[in-house]
Amino acid sequence: MADLAQPEGTPQVDEIFEGKKRKYFSQLALRNLSAFRMHAKAGLWPDGDKWRTGRHELAVAARCEAIGELLRLSPDACKRLTYSGTVHDFYKTREMQISAEARGAGKSQWEAFAEAEDKAKEKLTEARVDPLIIEIADAAGHNGVNDMDAILKERDLSDQQIARLALHYIDSISNQDQWSAPAEIRDVTRQKINALDRRMDGLESADRYRALNEEGRQHFNGATAYQAMRRTGHAIEERFAELIMERTGTPIDPLELPTIIDARIREKIMEIPE
């Protein structure tokens, strides 16, 4: 999100915003410095394609902090959620290597990603990361869908459960480090779509995830991995809209939640002193 699109306005306003945005993300990174040290050890720094994952994690962390505030999570829960956003993909480089090796050997992509996730959790545990943070970070991606569905069936949710739902959702809507575009009506189907749908569309069309997507049918009652993530993501939007209404009295369109989250980030950026 360090490269998020600038808001509309005069060049002077954009210049002020960009300066504050740099400060905001620098401060966010410094507050979670130990996570980014793990990035360096995992080979995500300092530049090139690998650093895109680092920028994505920073964007996810910012959105996690914003949604935590919107949902009125406790300060400690919000901090854990934000930190989980900075580490949920720290093992991405090795994950892609394991996936490529399995693909070359004609082995299961589902099992390859599960292996990478287990090793990532081992690394986080070795680094003495809070187990609650590891549990939140583990909610990301296709392997988190069944757990998220189980949480959504609960009537009353703890802050930890909400944080896990939030991390899963934020990762699902975050396209690298770009601002979320507003919801819109799709021309062909006349269906309203948002950032979640666009992200799932992109993943479904990616060659490297095609086998993984199809293997999802064995785990999600015939639905592909990204069909299941899309369905669960929209269910989380509905639940969060209800929680925000209950806790703040503010009604929202669930499909506009991605842009509402980003609007909160813009507010936080503009609160930074010049």
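A charge is taken to sit over an aromatic ring if NZ of Lys or CZ of Arg is within 6 Å of the ring centre and within 35 degrees of the ring normal. In the present structure, which is a predicted model, an arrangement of this kind is found at tryptophan 179, where the charged end of arginine 266 sits over the ring, 4.0 Å from its centre.

The largest nonpolar core comprises 61 residues, and those with the most contacts inside it are Ile67, Leu81, Phe240 and Ile261. Helix 12, spanning residues 225–248, supplies the largest share of this core, with nine residues. When residues up to four places away in sequence are not counted, phenylalanine 240 touches Ile67, Leu71, Ile162, Leu165, Ala166 and Leu257.

Six aromatic pairs are present in the structure. The rings of tryptophan 110 and phenylalanine 220 have their centres 5.8 Å apart and their planes at 65°, and the pair is therefore classed as edge-to-face, a term applied to planes over 60 degrees apart. This pair links distant parts of the chain, 110 residues apart, with tryptophan 110 placed in helix 6 (residues 109–126) and phenylalanine 220 in the loop between helix 11 (210–215) and helix 12. Both tryptophan 110 and phenylalanine 220 are buried.

A tilted aromatic pair is formed by phenylalanine 113 and tyrosine 209, with 6.2 Å from centre to centre and 55° between the planes. Here too distant parts of the chain are linked, since phenylalanine 113 belongs to helix 6 whereas tyrosine 209 lies in the loop between helix 10 (195–205) and helix 11, 96 residues apart. Phenylalanine 113 counts as buried because its relative accessibility is 4%, and tyrosine 209 likewise counts as buried, at 8%. Together with Tyr226, the residues Phe113 and Tyr209 form one aromatic cluster.

Backbone geometry was also examined. Most residues other than glycine have a negative phi. Glutamine 176, although not a glycine, has a positive phi of about 55°, and its place is in the loop between helix 9 (159–173) and strand 1 (184–185). With a relative accessibility of 37%, glutamine 176 counts as partly exposed. A positive phi, of about 60°, is also found at arginine 190, which is not a glycine either. Arginine 190 lies in the loop between strand 1 and strand 2 (192–193), and this residue is exposed, with a relative accessible area of 57%.

Terms used:
Residues are numbered from 1 along each chain as its sequence is written. This is a predicted model: local features need pLDDT of at least 70, side-chain atom pairs count only at pLDDT 80 or more; totals for chains, interfaces and linings use all residues. Side-chain values use heavy atoms; hydrogens and water are left out. A nonpolar core is a set of buried Ala, Val, Leu, Ile, Met, Phe, Trp, Tyr and Cys residues joined through side-chain atoms within 4.5 Å. Buried means under 20% relative accessible area, exposed over 50%, partly exposed in between (1.4 Å probe, protein chains only). Helices (H or I, at least four residues) and strands (E, at least two) are DSSP runs, numbered from the N terminus. Contact means heavy atoms within 4.5 Å. Rings of Phe, Tyr and Trp (its six-membered ring) pair if their centres lie within 6.5 Å; planes under 30 degrees apart count as stacked, over 60 as edge-to-face and the rest as tilted.
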